[in-house]
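Student: Could we go through this complex together, chain by chain? I would like to begin with the overall fold and then turn to the details.

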Amino acid sequence: MKNVIFAGVGGQGVILASKVLMEVAQKRGFDVKESEVHGMAQRGGSVDCNVRYGTEVFSPLIPKGGADYVVSLEMLESMRKIDYLKKDAVLIVNREQINPAPVEIGAMKYPEDIEQWLKKNFANTVVVDTTEALKEAGTKKALNIVMLGCLSKYLDFEMKDWEDAIKTLVKEQFIEQNLKAFTLGRDLIKL
Amino acid sequence: MTRQLMLGNEAIARGAWEAGCRVAAGYPGTPSTEILETIARDYRDIKAQWSPNEKVALEVAAGASVAGARSLSTMKHVGLNVAADPLFTFSYTGVNGGLVIINADDPGAWSSQNEQDNRHISRAAKLPMLDPSNPAEAKEFTKLAFEISEKYDRPVIVRTTTRIAHSQGPVELGERAEVPLKDFVRDPKKYVMIPAHARPRHVFVEQQILKLKEYSSQSGLNKIEWRNKKRGIISNGVAYQYVREVCPDDSVLKIGMVWPLPDELIKEFASQVEELYVVEELDPFIEDYVKALGFKVKGKDIIPVCGELTPEIVDKALNGKDAEKVLPEYAGALPGRPPGLCKGCPHAFVFNVLKKLDVVVNGDIGCYTLGVLPPYSSMHSQGCMGASIGMHLGFEKARGDEMARHSVAVIGDSTFIHSGITSLIDMVYNRGTGTVIIMDNRVTAMTGHQENPATGKTLMGDDTYELDLEMMVKACGVKRVVVIDPKNIEELEKVIKEEMAAPEPSVIMTRRKCILKK
């Protein structure tokens with residue numbers, strides 16, 4: 001069974017990224033379960049999605065210490081998921097900082113040492129800089145799909161599976177842009 | 001047969017459609033909202049509607065049922081409190097066409113003001129309650145609920161929780177059953193609950209619950225999965241999935257019908273296992289029942305009452321296992337990321353002024369409840385839909401004029417329509433002099449932009465009468481009514497000061513479209 005957590009900030013498109021992965025896994029004949037949070041979390045709060053696929057999946061939630069992959073669309077959000085990492089998991093983090101409210105109002109500081117700390121304490125930390133990829137994709141909104149492209153390098157699905165899933169789930173006028181974003185994301189990971 | 005990945009809420013919509021449901025009414029509330037949205041989008045042969053509140057929604061669905069149609073009503077857990085009045089008596093009248101109520105509990109209070117466990121309501125109202133453990137069951141149980149409803153002449157409640165409603169999984173799709181309208185037969189002894197009719201109906205209700213208790217043991221909704229008999233676990237809802245994951249070798253009594261509970265099955269199960277456990281979220285509902293049947297059982301002594309369960313909580317409680325931690329503790333301070341009002345949100349202008357004026361704010365339910373958090377920190381009471389105005393009057397009754405001159409109630413447009421109108425009438429009627437700010441952003445925003453009676457559109461997308469809030473407020477007897485764009489901050493401050501100072505009831509309508517609404 002594979003366990004993937006997507007983490008980010010409300011509005012970053014975490015749910016769409018997880019939907020594409022689920023679609024791919026389901027098409028390949030896996031049992032799939034997912035859990036997401038709506039409501040209050042949408043107003044700029046932390047959001048996450050748990051995706052699990054395998055022969056038979058029971059819980060829609062990934063237990064602590066049970067994630068094979070954590071994909072975080074924002075620096076600080078990755079820190080809220082470290083307890084979920086398995087020993088040999090891969091943690092993919094977008095090097096972007098979005099100030100949460102306590103930082104915005106000056107009550108707290110955004111921790112500047114996250115990247116350094118993660119790399120020091122977890123060897124399989126991959127921090128990606130998506131700035132150029134997003135420029136090339138033509139929209140910052142494609143961040144979720146760029147990050148999904150990064151993840152795809154580690155998973156055993158065919159490029160065509162991903163393309164089909166993106167075509168199924170993305171609105172017609174954004175398909176090309178998202179396919180491009182996906183490939184740009186893949187290219188960020190050198191294995 | 002086609003399989004499709006669906007959100008629990010989408011699966012429920014599908015189940016209602018396949019069951020031949022004709023009418024669906026609800027009020028938005030996380031985590032239940034997507035059910036009616038899905039119906040309006042994908043299953044348009046069901047007449048779906050947002051009602052002003054859950055009580056009205058249930059009454060509409062009940063009316064449709066008595067008139068002969070299979071009907072559905074959807075709401076979140078606290079919404080069922082609002083609809084409790086019709087619920088308890090529709091239990092007596094029963095149904096004609098099947099009537100199914102979807103109740104979405106929210107363990108963990110992800111988007112709610114409390115963690116109430118509505119399994120108690122099914123028991124108190126003497127109504128069967130089904131409790132699916134994944135989206136596939138959510139669809140099947142919803143379909144089955146219509147049959148149970150008609151067969152046993154009971155409204156049936158299907159209970160979800162956040163991890164069912166907002167969880168996706170594969171669902172088998174079926175076709176829609178064409179269920180004709182049943183005849184409407186005038187039968188006041190069944191449908192008009194004067195005391196003389198209610199007394200015999202109560203006897204009938206008790207008989208039906210006994211029949212359903214048998215059904216509960218035989219239907220397959222509750223079932224024993226025999227594995228190792230050293231340990232037996234009774235579990236329901238998503239907790240069942242956690243149990244299967246962390247205790248794969250234990251025997252399980254899976255509870256899919258949580259009321260009435262299956263006495264016979266429980267006895268059969270409990271008497272054959274060496275150690276008996278109940279793993280359930282929130283209250284010891286099943287546990288207390290099993291204890292009353294005379295069995296020794298472990299439950300809430302090791303499983304928390306508060307918050308939602310997770311696989312690792314169950315693993316720790318039943319197997320003593322701690323999750324492996326591969327990273328050390330981070331020594332620095334990690335700022336939280338609470339939700340907040342959006343940039344440019346019209347509510348923010350109002351809260352900036354209220355903060356500056358440093359007045360007492362009686363708040364309500366909606367995006368604007370976030371006014372309690374920094375940087376605004378301007379809300380001092382809030383409890384349920386519509387409470388702001390009644391509490392505001394209570395503050396004045398307790399502390400007099402001085403309080404009324406330095407406080408306001410704030411309430412959104414949809415919440416005002418939901419249950420603020422009667423309290424405004426009360427304020428005028430009982431000679432209150434407070435100031436109410438109706439924060440009118442022209443939409444039900446918090447739950448994701450639903451239409452309401454003041455938007456001029458229905459759930460199905462049709463044009464309709466746009467409720468005139470000023471006229472409504474004036475009809476309640478409020479003479480001082482000011483409508484203002486909150487972006488005019490200076491003017492807003494002036495108006496709030498003036499209206500608070502005036503020793504008579506006043507309403508300020510801060511009207512500006514939600515920043516997220518196109």
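Tutor: Helices and strands here are DSSP runs, helices of at least four residues and strands of at least two, numbered from the N terminus. Read that way along the sequence, chain A follows the pattern β-α-β-β-β-α-β-α-α-β-α-α-α-α. Please keep in mind that this is a predicted model.

Student: How many helices and strands does chain A have in total?

Tutor: Chain A has 8 helices and 6 strands.

Student: What is the radius of gyration of chain A, and what would a compact globule have?

Tutor: For 191 residues, a compact globule would have a radius of gyration near 16 Å, and chain A agrees with this at 16 Å. The C-alpha trace of chain A spans about 50 × 35 × 35 Å along its principal axes. Of its 191 residues, 54% count as buried.

Student: And the contacts in chain A, what percentage join residues at least 24 apart?

Tutor: The figure is 66%, taken among contacts between residues at least 6 apart in sequence.

Student: Changing topic: what ipTM and pTM does the predictor give the complex?

Tutor: The predictor gives an ipTM of 0.95 and a pTM of 0.97. For chain B, the mean pLDDT is 97, and 100% of the residues reach 70 or more.

Student: Which strand of chain B does β2(A) pair with?

Tutor: β2(A) pairs with β8 of chain B, residues 167–172, in the antiparallel sense over 2 bridges. Within this pairing, E34(A) stands opposite Q168(B) in β8(B).

Student: On to chain B, then. What domains does its domain assignment give?

Tutor: The assignment gives domain 1 (3–218), domain 2 (222–319) and domain 3 (346–511). The C-alpha centres of domain 1 and domain 3 of chain B lie 32 Å apart. The contact between these two takes 15 residues from domain 1 and 16 residues from domain 3.

Student: Which elements of domain 1 supply at least two residues there?

Tutor: They are α2 (34–42), β3 (47–50) and α4 (77–82) of chain B. β3(B) gives the most to the side of domain 1 that touches domain 3, with 3 residues. That side of domain 1 has 9 nonpolar, 6 polar and no charged residues.

Student: Now strand β4 of chain B. Is it enclosed by the rest of the structure or exposed, and why?

Tutor: β4(B), residues 71–76, is largely enclosed, because 6 of its 6 residues are buried. In a regular strand the side chains alternate between the two faces of the sheet. In β4(B) both faces are covered: S71(B), S73(B) and M75(B) are buried on one side, and L72(B), T74(B) and K76(B) on the other.

Student: Which strands pair with β4(B)?

Tutor: β2(B) runs parallel to β4(B) and is joined to it by 4 bridges, with A25(B) having S73(B) as its bridge partner. β5(B) also pairs with β4(B) in the parallel sense, over 6 bridges, and here L72(B) stands opposite V100(B).

Student: Last topic, backbone geometry. Which peptide bonds are cis?

Tutor: Most residues other than glycine have a negative phi, and most peptide bonds are trans. The bond from T30(B) to P31(B) is cis, with omega near 5°, and P31(B) is in the loop between β2 (23–26) and α2 of chain B. The bond from P374(B) to P375(B) is also cis, with omega near 5°. P375(B) lies in the loop between β14 (360–362) and α16 (387–399) of chain B.

Student: Which residues other than glycine have a positive phi?

Tutor: Among them are A109(B), with a phi of about 45°, and S377(B), with a phi near 45°. A109(B) lies in the loop between β5 (99–105) and α6 (119–125) of chain B, whereas S377(B) is in the loop between β14 and α16 of chain B.

How values were computed:
Residues numbered from 1 in each chain as written. Chains lettered and ligands numbered in written order. Predicted model: local features only at pLDDT ≥ 70, side-chain atom pairs only at ≥ 80, totals over all residues. Rg over C-alpha atoms; globule rule 2.2 N^0.38 Å. Buried ≥ 20, exposed ≤ 12 C-beta atoms within 10 Å, placed from the backbone. Contact = placed C-beta atoms within 7 Å. pLDDT = per-residue confidence, 0-100. Pairing = 2+ DSSP bridges. Domains from an automatic or database assignment. Nonpolar A, V, L, I, M, F, W, Y, C, P; charged D, E, K, R; others polar.
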